[in-house]
Amino acid sequence: MQEINFTAIIIEASAGTGKTHWITKEFIRLLNKENPASDIRRILAVTFSEKASIEMKTRILENIYKEILEKLSDYGKIELENAILRIRISTIHSLCRLLLKRFAFYREIDPFFSVIDKRESKLLSYRAFNRFLSDESSGKIIPLLNRFKLQIFEKFLFSIMEKHPYTTIGVPEGELTNQITSISRDVSNIAKRMKEELSVFDFNDLEIMTYNILSEHPDALMILEDFDEKNNFIFVDEFQDTNLLQWRIIYKLVEEWLSGYGAKAETGRPYGIFLVGDRKQSIYKFRGAEGKVFDEAKKVLNIYCREKKLLKNYRSASEIICFINDVFKDIYPWTEEKLLSGLEVDAPACIEINLLDEKDSDNAKDKEYEWVLGKILELIESKKQIWDKKIKGFRPIEFRDIAILLRKKAGKNFPLLEKHLKEKGIPFVVPGGMGFYQEQEIIFLLSLVYSILDPSDMYSLWDLSSSVYHINPEQVYCWRGILKEKELVEVIEEIINELNFWDGLSTQQKANVEKFLMIIDEWRGTPLYTISRNLRTMMLSDEEPKADIFSEHQNAVRVMTIHNAKGLEFPAVFLINIEDGKINIKEEEIFYRKTEEDLPYKFILKEEADEEYEDEFRNMLEEEEKRILYVALTRACQYLFISGIKKRKGSIWTSMLEKFQSRFPATSVCKKSFMEERVERIKERKYLPEDLRFSGLLTSYTEEKEKGIYHYEGTILGDIAHKLLYDISEGLIHNKDTYRKRVRFYLKKANFEKNKKMENILKNIYETIEKTPGLKKILEKREDGLSEVPFIIEIEGKIYTGFIDRIIIEEKVCHIYDYKMKEDSVGKFKEQMDIYEKAVKKMFPDRGIVKRYIVFLKSGVIKEI
């Protein structure tokens, strides 16, 4: 065998050690500085999430422009910029999708297939199960139904179906597990045929089909040769989040590179694979992610593999680094991978641990949250200094620099935390908030839909009669009659308006209701019994996210789970409810254990597992809990506050952290802070609607308008235009067709669906945007852009509140845009824009310059004030 120029490098990058920086530098190093365009086309980078993909792409492009572009000839610059447009940095699912579309004829699938989300996939799985029950082959479940109720059997079945990839390539053990696994494959095959008929696939399908086509199809060699011809290097980021099937897909793509034969080896040019991650941060076992893929990768890459460990942490202060090392000092692999301090400055730091004794008080959680929020206000009011990497200097801490991290949001503690945050007047956002169908406003709407669609549903009817609206059966009967003439979404909208349901809803609740209406609107023409069945299926899930109203530019405390915080960093972290850092074996339906080769795992249903099997699985879960704690602690840069209830049985985190309480004791907080007094003063003032009115017509959303008080047709037109522009800026509208659908949707909601004049005006706005590059650039979805930004500000004794239509934040300048329908003298809006400017300077004090613009939507003219 001839000598080959193949390289395999595995980088184990601990938290905060700059793995993205390393990948960027290595990517740039592989480029021929005289002809980089050719090399860029031959490098593939795979990441775990879209956000990570964008971050990596941004970093690489910044370095290309900084280090390479300016040194090229004019022709070289054009070539490089064309290559950059096709730079291949994507998620594993995007890679699978591209491969399947390119070679769809091998699988005999529609190359124009769509990818569906988990919600839609689950609905199809339930339909497939119903079809299976009506099929002749369903007789195999009869012996099982003699043993279990159908509901219990369904729970077992879907537990197995949803545990991809463990049950896809794992080894079932136990008679019952084998039987139900066999049935799950029958149901999955039915679901697969249904998806093929609809030309849709979910993320799991993409992985399974890609692996099958690369490993089992007779023409797999042609696909691999095509890949080999186009690629010289592969980077895999966040390798610890890769599941076994994903790794085997990647390995299949480079398998020939290891053989020493083929076109790649014959050229003599260098080629290789880079795997970057941290097994200590592998916390997605529920998705099938497995840190042990590092060991399998080392084994298969064999003699070509070189390893490197990144241990110098550039994120956290030395005090926090030492604390983390002490917490994990006797636990493998931390014993071999202690963090080193690499922060470029001597930043102030603080660690406090406050563990309350549950026996001391019935309201221990109230005390914990009062302490946490008191500490947050202390940080803000004392203007604690934090190191800002962007400005390379210190600045006072803001709310946006603080994160409250939780192990989970389920249970009664999270609503209690929200209640305390609101009472203290602390601005907060919940990125990726789950539990959409458990929100009160959605529960009410579900009861409304069920009672209308299903006359036998007495529980939903009782729920409506017990609500604050006291809805009686006669009202429901009347609404049911309207369904003969109108779509369900139109009926629900009429009822919402009739009940004045929007009144009193928060911004989050209004967004949730809008999302609910959009979901129902997608089912136009669907039989009503199918809609009812779909909703009943979906409401069982607590994974459906709430409507997203989050923006990273908001000056608000982030409240998130540790899983959502992974990959992020915060100057101040509050890790609360640490008693939740435990395992609950009762919640698990499937247990796993290692095979002789370590991977893939064997699996068995809890019903059949013996004590040894359970203990082995419990140990796996305990290891994961330790990794989750590590991820939580390493999010903190300078200030780390830990709280919870001690002596809770079985809490892994409490047992690991309580021994440090005497070393890092909690300090008390002031009874009433300056910030609390200020909030109380604002709350005591009488709210005057006149304070919201300026010399001109205020077309941005005010609190008055959000309550649905429309005075005349022009106001409604302006409100709808604002909603449409918001949807464009949030990336919800991608083309003319989706824009026109939204126009019709919002007109129907406002009971103006027959007003062609308004419809034409709104449609013309889109045409104006398309014809006006400057306006299009302002409205497009962008990282530095905010839409419908809420504010409240006190000026000369008056409280002004409202929404700023558009803010674009550059390095030292904030650009404010306000939308108006008709062109007019900008002087009429000066008072309004003065107030907006003061609000923006309060929100973004680090931006010294504010520029103000009026955007006239009908003409596309933009005028600066």
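Colleague: Which residue of β8 is the bridge partner of F235?

Modeller: In β8, F235 is partnered by F274. The model is a predicted one, where local features need pLDDT of at least 70 and side-chain atom pairs count only at pLDDT 80 or more, whereas totals for chains, interfaces and linings use all residues. Numbering starts from 1 along each chain as its sequence is written, and side-chain values use heavy atoms, leaving out hydrogens and water.

Colleague: What makes β7 and β8 a pair?

Modeller: Pairing requires that DSSP find at least two bridges between two strands, a strand being a DSSP run of E with at least two residues, numbered from the N terminus. Strand β7 (residues 233-236) and strand β8 (residues 271-277) are joined in the parallel sense over 4 bridges, so they count as paired. Strand β2 (residues 43-47) also runs parallel to β7, with 4 bridges, and I43 stands opposite F233 there.

Colleague: How do you know that both faces of β7 are covered?

Modeller: F233 and F235 on one side, and I234 and V236 on the other, are all buried, that is, under 20% relative accessible area with a 1.4 Å probe and protein chains only.

Colleague: Why is L150 called partly exposed?

Modeller: The class lies between the buried limit and the exposed one, which is over 50%; L150 has 36% relative accessibility and therefore falls within it.

Colleague: Which residues lie nearest the centre of the largest cavity?

Modeller: They are P165, Y166, L244, P600 and Y601, among 10 lining residues, where lining means having an atom within 4 Å of a point, and a cavity is a set of points on a 1 Å grid over the protein atoms alone where a 1.4 Å probe fits but cannot get out.

Terms used. On a 1 Å grid over the protein atoms alone, a cavity is a set of points where a 1.4 Å probe fits but cannot get out, and a pocket is an open set with protein on both sides within 12 Å along at least five of seven lines; lining residues have an atom within 4 Å of a point.
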